[in-house]
Amino acid sequence: THTHSTHTPPVPTHIICSTQSPLDDTCRRRLLTMLNTHAENGDSYKLPAKDSAHCEIVRVGTFNEEWGGVSRERIREVMASIMVPHIAVTPSFVLRNGDSPPEIELKFEMECGAADAPETWPNWQLRFLHNQLFERLNIPARFCPGPHHSTFVRKAAFRSAQHMQQYFESVDAVVREWRAAGPVCLEPETDPAVSGHPAEPIGAELSEPHGVYLFKTRDELVEYFPPNFHPPYDTPEKRAIITAVLAKEWSEEALAWKDRV
C-alpha cells in the first residue's frame with residue numbers, strides 16, 4: 001500500500017492492532033465516542049493520532065443550537081437521562097468503503113441472535129445507546145455515519161490486486177481471532193509508567209471505565225460519561241429493557257424510525 005496505509009498486525013488487542021501499533025493504547029480506551037465536528041486533510045495515511053480512530057454513536061454537528069446543533073449543557077442533560085451500559089465490543093468485519101479513494105473500516109454491527117437473550121448479541125450496546133440518543137437529540141444536525149464503524153486508514157491505495165487481497169486476508173485473520181475471544185470491554189491503562197496512560201484523564205474514565213466520550217473535533221476529547229446501566233444484563237428486568245430499546249432502528253434514508261428486522 002502507499003504511504004503508511006499497510007497494517008498487518010500479528011496479534012489483536014482491542015481495535016485491530018498489535019501492541020506495537022500506533023492505533024493501540026489510548027485509542028482502545030477511547031474507541032466509542034460522540035463526535036461534534038469532523039475534518040479530513042493530507043495524503044494517504046494510516047491515522048497517526050492514537051485517539052483519532054473511534055466509533056461514532058451520534059454526530060451532532062455543532063454546539064450552536066441556532067445552527068441546528070445542540071449545546072453541551074443539553075448533551076449533559078441527555079446523557080444523565082439515558083442508560084449507558086458497559087461497552088464491550090466485537091468486530092464484525094473489515095471493509096474498503098465506497099469512497100474514492102477509499103477508507104478502510106472496522107465494522108461493529110449488532111448481530112441478532114436468540115430473541116430471549118439480547119444481552120448476548122454482539123455490539124448490542126452500540127445500538128442501545130444510538131437509539132436512546134436519537135430519540136432525545138431531535139435536532140437537524142443529528143447524524144451517524146455508517147453505524148457503527150471505526151476508520152483506521154484514509155485514502156487507501158494498493159500496489160496491486162494481489163497486495164490488496166493479502167492485506168485483507170491478514171486483517172481478516174485478526175478479526176477472526178478477536179471474535180473468537182468474544183466481546184472485549186474497553187479498559188483504560190491505569191499505570192502512568194505504561195504507554196497508553198492518559199496524560200490528563202477526563203472525568204472518571206480511569207475509575208469508572210467502559211463509558212463513552214464527547215469529541216469536539218477528531219483530536220479533542222472534551223467530556224467522558226461513565227456507565228450507569230450495570231450488569232448483570234441477563235435478568236428478566238434488564239432483558240426487557242434492552243429488548244424494548246432495540247425493537248426499532250433509525251433509517252437514514254427515510255429519516256424515520258422503523259421496526260428492527
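# Meet the model: one buried threonine and its surroundings

T151 is buried, with a relative accessible area of 6% (buried means under 20% relative accessible area, exposed over 50%, and partly exposed in between, with a 1.4 Å probe and protein chains only). T151 sits in strand β7. This is a predicted model, in which local features need pLDDT of at least 70 and side-chain atom pairs count only at pLDDT 80 or more, while totals for chains, interfaces and linings use all residues. Residues are numbered from 1 along each chain as its sequence is written, and side-chain values use heavy atoms, with hydrogens and water left out.

**The whole protein**

- The protein has 5 helices and 12 strands (DSSP runs numbered from the N terminus: helices are H or I with at least four residues, strands are E with at least two).
- Of its 261 residues, 52% count as buried.
- Take the contacts between residues at least 6 apart in sequence: 67% of them join residues at least 24 apart (a contact means heavy atoms within 4.5 Å).

**T151 and R96**

- The side chain of T151 makes a polar contact of 3.3 Å with the side chain of H149 (a pair of N or O atoms within 3.5 Å; within protein, one must be able to donate a hydrogen and the other to accept it, and residues adjacent in sequence count only if both atoms are side-chain atoms).
- R96 lies in strand β5, and at 44% relative accessibility R96 counts as partly exposed.
- Leaving aside residues up to four places away in sequence, R96 touches P102, E103, M164 and F168.

**Helix α4**

- Helix α4 covers residues 161-181, which makes 21 residues. From its first C-alpha to its last it reaches 31 Å, close to the 30 Å expected at 1.5 Å a residue (the expected span is 1.5 Å times one less than the number of residues).
- Its buried residues are Y167, F168, V171, V174, V175 and W178. Seen down the axis of α4, these buried residues fall within an arc of 120°, so they line one face of the helix (the arc is that of the directions from the helix axis to the C-beta atoms).
- The face of α4 turned away from the buried side carries the exposed residues A161, Q162, R176 and A180.
- What do the buried residues of α4 pack against? Their partners are β4 (88-89), β5 (93-96), β6 (104-107), β7 (149-154) and β8 (184-185).
- Just after α4, G182 takes a positive phi of about 85°.

**Helix α3**

- The 13 residues of α3 should span 18 Å at 1.5 Å a residue, and its end C-alpha atoms are 19 Å apart, which agrees.
- α3 is mostly covered, as 11 of its 13 residues are buried. Among them are W124, L126, R127 and F134.

**Backbone details in the loops**

- The peptide bond from S100 to P101 is cis, with omega near -5°. P101 belongs to the loop between β5 and β6.
- P231 and P232 are also joined by a cis peptide bond, with omega about 10°. P232 is placed in the loop between β10 (220-225) and α5 (236-245).
- N123 is not a glycine, although its phi is positive at about 65°. It is found in the loop between β6 and α3 (124-136), and N123 is buried at a relative accessible area of 2%.
- H210 is another non-glycine residue with a positive phi, near 80°. Its place is in the loop between β8 and β9 (212-217), and at 12% relative accessibility H210 counts as buried.

**The largest pocket**

- About 330 Å³ of space lies in the largest pocket (on a 1 Å grid over the protein atoms alone, a pocket is an open set of points where a 1.4 Å probe fits, with protein on both sides within 12 Å along at least five of seven lines; grid points are joined across faces, edges and corners, and the volume is the space filled by probe spheres set on the points).
- The largest pocket is lined by 18 residues, and R127, P147, H148, E249 and W250 lie nearest its centre (lining residues have an atom within 4 Å of a point).
- The elements giving two or more residues to this lining are α3 and β11 (248-251). β11 gives the most, with 3 residues.
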